[in-house]
Amino acid sequence: MRIFDPHIHMTSRTTDDYERMAAAGVRALVEPAFWLGQPRTSVGSFTDYFDALVGWEPYRASLFGIRHHATIALNPKEANDPRCREVLGVLPRYLEKDGVVAVGEVGYDSMTPEEDEVFAAQLALAIEHDLPALVHTPHRDKARGTARTLDVVRESGLEPGRVAVDHLNEVTVGAVAESGCWMGFSIYPETKMTAERMVHILREYGLERMLVNSAADWGRSDPLLTVRTGEAMLAAGFTDDDVDRVLWRNPVEFYGQSKRLDLSDVDAADSFAGNSIRRGGS
C-alpha cells in the first residue's frame, strides 16, 4: 500500500512519526500552513514558519524517503487578527517557491466579515499564481459554513476542479460533490471522521475527487489513520486498486495541477524504511 497524505501538519510531529509513516507506506505528503495553537503577533513569526515549511520539513521528511510539499496561506482563525493581515503581502513570494503546491488552508473559522475578505483575497492569489486551493471548513455550524464556502468559490472564478473542500462529513459531502470541487476528509479521533465512516461515504459517493487525510497535528491525532482507512477499505471489499486510487492517485491528480509536484524519488523510499537513520538535535 502506497500512501500520499494530502493534509498533515508535520511541524507538530516528531521525527519518530516520519519513521513510522515511512515504514507503513507513506511516500509523500502535503503540509498546509495552519494555526499553531497560540496566536502569532507579527508577520515575522509567519515568515519563519513558512520558511520551515519549504526548508526544514522537506529535509526532515527526506531522511525517510518521504517527499514533502506544502501549501501556504493566512489561516482562517488568524484572519480575524489585524496584526496578521500584513501576511497577505508576503504570500506571493512563497507561492512562487518549488514545493508549494496550493494556496491553503483558506476558508472559515467563525465566518466573520474579516474571514470573508481574506478568503476571497487568497482565492484570487490562487488564480494569479495558477495554483489549486485547499479550503478549511469551520468546526462549528459546518453545514452553513460549507454552503458559504461554495458560494465564495463560485464568486471567485476559480474552477471547482482546482478546489479541495476539506474536513467534510456525512452532512456536508453531498453539496460539495454536486459543486464539482474535490472532497476532503480528515480521519481524526473524536472530532472528525473515522475510517469506518469513510468507507460508508466511499460506497455512497464513489472514489472520484475523494481525498483522505490524517490532518495529524498538535492535538490528539494519528498520522497512520490513512493506513487504517486503506485497511478498512480492503476489509469492506474494496480492491487494492481502489485503495491506491483514493490514497495515492487522487492526491497526485489534485496537487499535480500545480505543476510542482515532485515524486521523482519516492521509489527509493523502501531503502529508508528499514534502516536506522542518524538524527541531529540536542
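Over which residues does pLDDT stay under 50, and how many contacts beyond four places in sequence does the model have for them? The stretch is residues 269–282, and the model has 18 such contacts for it. I begin there, colleagues, because what we are looking at is a predicted model. For the protein as a whole, the mean pLDDT is 92, and 94% of the residues reach 70 or more.

Let me turn to the strands. Strand 5, residues 133–136, pairs with strand 6 in the parallel sense, over 4 bridges. Within that pairing, Val135 stands opposite Val165 of strand 6. Strand 6 itself runs from residue 163 to residue 166 and is covered on both faces. Val163 and Val165 lie on one side, Ala164 and Asp166 on the other, and all four are buried. In a regular strand, side chains alternate between the two faces of the sheet.

The structure holds 1 cavity of 30 Å³ or more, and the volume of the largest cavity is about 40 Å³. Its lining consists of Pro6, His7, Leu134, Ala164, Asp166, Gly184, Leu211, Asn213 and Tyr255. Two elements, strand 6 and strand 8 (210–213), each give two or more residues to this lining. By class, the lining comprises 5 nonpolar, 3 polar and 1 charged residues.

Next, the largest pocket, which contains about 430 Å³ of space. It is lined by 21 residues, and those closest to its centre are Phe34, Trp35, His136, His139 and Asp217. The lining divides into 7 nonpolar, 8 polar and 6 charged residues.

Finally, some points of backbone geometry. The peptide bond from Gly104 to Glu105 is cis, with omega near -5°. Glu105 is located in strand 4, residues 100–107.

Asp141 sits in the loop between strand 5 and helix 6 (142–156), whereas Arg209 belongs to the loop between helix 8 (195–205) and strand 8.

Are these two residues buried or exposed, or in between? Arg209 has a relative accessible area of 19%, and therefore counts as buried, the cut-off being under 20%. For Asp141 the relative accessible area is 42%, so this residue is classed as partly exposed.

Methods:
Residues numbered from 1 in each chain as written. Predicted model: local features only at pLDDT ≥ 70, side-chain atom pairs only at ≥ 80, totals over all residues. Heavy atoms only, no water. 1 Å grid on protein atoms, 1.4 Å probe; cavity = no way out; pocket = protein on both sides within 12 Å on 5 of 7 lines; lining within 4 Å. Points joined across faces, edges and corners; volume = space filled by probe spheres on them. Nonpolar A, V, L, I, M, F, W, Y, C, P; charged D, E, K, R; others polar. pLDDT = per-residue confidence, 0-100. Contact = heavy atoms within 4.5 Å. Buried < 20%, exposed > 50% of the residue type's maximum accessible area, 1.4 Å probe, protein only. Pairing = 2+ DSSP bridges.
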